[in-house]
Amino acid sequence: MYFGGSEIWFEHLDGIYSYTDLAIEKLEKDHLTFKRPSVPSLIAINLDETEINDKLIAAIADKLLNGSKRFTRVVFVGTDSYSKRKIKTALAASGFALSFINDFEKAKEWLVSESFM
């Protein structure tokens, strides 16, 4: 999606509740697209109303860290403080800017803000 002069990939894993396998299946299918070099390196991952557990965090970390696609900024929307800590730990060696913002509009603004470019 084009926003604020840049392109952002939005990964919608929100509203999947406790269906972790379904969330991972969607992530894996979408990864086939967002791993391509032509896809933006800015990504917003919306997890609002989805149970965030170790299995889902591991799948997200795998898709963001392993592969040829390099992201410059990643923002998570809809995380609680416990999930935030777990995700930060899983992505500690990522090399990209990472943020947790529970307002979707503010998350998009953070991704395209010049102060982080």
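The model is predicted, with pLDDT of at least 70 required for local features and 80 or more for side-chain atom pairs, whereas totals for chains, interfaces and linings use all residues. Residues are numbered from 1 along each chain as its sequence is written, and side-chain values use heavy atoms, with hydrogens and water left out.

The protein comprises 4 helices and 6 strands, assigned as DSSP runs (H or I, at least four residues, for helices; E, at least two, for strands) and numbered from the N terminus. Their order along the sequence is β-β-β-α-β-α-β-α-β-α. The radius of gyration is 13 Å, close to the 13 Å that the globule rule gives for 117 residues, so the protein is as compact as a globular protein of that length; the radius is taken over C-alpha atoms, and the rule is 2.2 Å times the number of residues to the power 0.38. Along the principal axes, the C-alpha atoms fill a box of roughly 35 × 25 × 25 Å.

Of the 117 residues, 47% count as buried, that is, under 20% relative accessible area with a 1.4 Å probe, protein chains only. Of the contacts (heavy atoms within 4.5 Å) between residues at least 6 apart in sequence, 74% join residues at least 24 apart.

N46 is located in strand 4 (residues 42–46) and counts as buried because its relative accessibility is 8%. With residues up to four places away in sequence not counted, N46 touches E11, H12, L13, D14, V77 and F104. A polar atom of the N46 side chain lies 3.1 Å from the backbone nitrogen of D48.

Definitions and conventions. Buried < 20%, exposed > 50% of the residue type's maximum accessible area, 1.4 Å probe, protein only. Polar contact = N/O pair within 3.5 Å; in protein donor to acceptor, adjacent residues only side chain to side chain.
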